[in-house]
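Here is a short briefing on side-chain contacts, meant to be read with the model open beside you.

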Amino acid sequence: MISKNKIKYIHSLELKKNRKEDNVFVAEGHKLVGDLLGNFSCKYLAATQEWWNENPSAKADEMAIVTNEELSKASFLKTPQSVLAIFEQDNSPVDLSIIRNSLCLALDDIQDPGNLGTIIRLADWFGIEHIFCSPNTVDVYNPKAIQATMGGIARVKLHYGSLLELITQLDNYPVYGTFLNGDNLYSKDLSPVGLIVMGNEGNGISPEVERLINQRLYIPNYPQNRATSESLNVAIATSIVCAEFRRRIL
C-alpha cells in the first residue's frame, strides 16, 4: 500500500524546488516507466499486482504492490495507469564535442511543459540525442513534461545553461534559427550537423541569442500569398525543421 506520508511526498514533487532538493522526478504509466527503468535509477516503484506479474524483474530501492484506488490518490493523472515511479534525475556532465559531431536542439525559454515534452519526443523520433535549454526553459522533470515525452526522455539528454555562452564557443559552426525573414527551409543548404535554436512560444528567439545565429530559416506557408495564422506552435515548427534536416541525409 501507499502510506499517507508517501502520497503527500509524491504530490510535493509537483513543485520544482522539491524535485531539485531531492534530485528526483515522477513518471507514470506502463510504457513510460518501462522505458525509464534501466536508464534512470529508480527510488520508488508502486504498481498493481497485474503490473508486477508482467514485470517480475523490475527493481527499485523501495517497491510496493497497490490497488488502482491507491494509485489514484497519488497520481497526477486523471486516470492512473497501473504503475507510478520516482526516479533519480540525470545530472551527468556534457561534452561540447557532441555538438560538433551531431545535430542538436537548443530551446530558448520554452515555457509550456507539454511543448517541451513533445519536442523531446520529436527529438527521439529524429535521432537527436541532446537538447540544450536556457535556464528559464520549463523544467524537464515537470510531471506534465515527463508524461508528454512518451518515453523519449530515456534516450534524449537535456542540458540547462546559458545559450549565449554555449553558442559563443561554437566559432564558425552552423547555428540555425527560424524567423519570418529567413531563407526558405526547403531550398536552403542544410548541414547534417549543427545546432537548431527554437524560441519562446510568444516571443520567439531572444534578441541576444538571435545575434549569434548565423543560419536564418523560414518555414513557408502555402500558398505564400494567402492570409494565414501568424505563427506555428513551437513543437510543430520543431517537427517540420527536424524532418527536413533528416530528409536531406536519407
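Six aromatic pairs are found in this structure, which is a predicted model. One of them joins W51 and W52. Disulfides, by contrast, number zero.

**Aromatic rings**
- A pair of aromatic rings is described by the distance of the centres and the angle of the planes.
- For W51 and W52, the centres are 5.2 Å apart and the planes make an angle of 85°, so the pair is edge-to-face, a label given to angles over 60 degrees.
- W51 is buried, its relative accessible area being 2%.
- W52 also counts as buried, at 11% relative accessibility.
- A single aromatic cluster brings together F25, F40, F87 and Y141.

**Charges over rings**
- Over the face of Y44 you will find K6, 4.5 Å from the ring centre.
- R100 places its charged end over the ring of Y173, and the distance to the centre of that ring is 5.8 Å.

**Cysteines**
- Is C133 buried or exposed? C133 counts as buried, since its relative accessibility is 0%.
- C242 is buried as well, with 1% relative accessible area.

Terms used: Residues numbered from 1 in each chain as written. Predicted model: local features only at pLDDT ≥ 70, side-chain atom pairs only at ≥ 80, totals over all residues. Heavy atoms only, no water. Disulfide = S-S within 2.5 Å. Buried < 20%, exposed > 50% of the residue type's maximum accessible area, 1.4 Å probe, protein only. Phe/Tyr/Trp six-rings, centres within 6.5 Å; stacked < 30°, edge-to-face > 60°. Lys NZ or Arg CZ within 6 Å of the ring centre and 35° of its normal.
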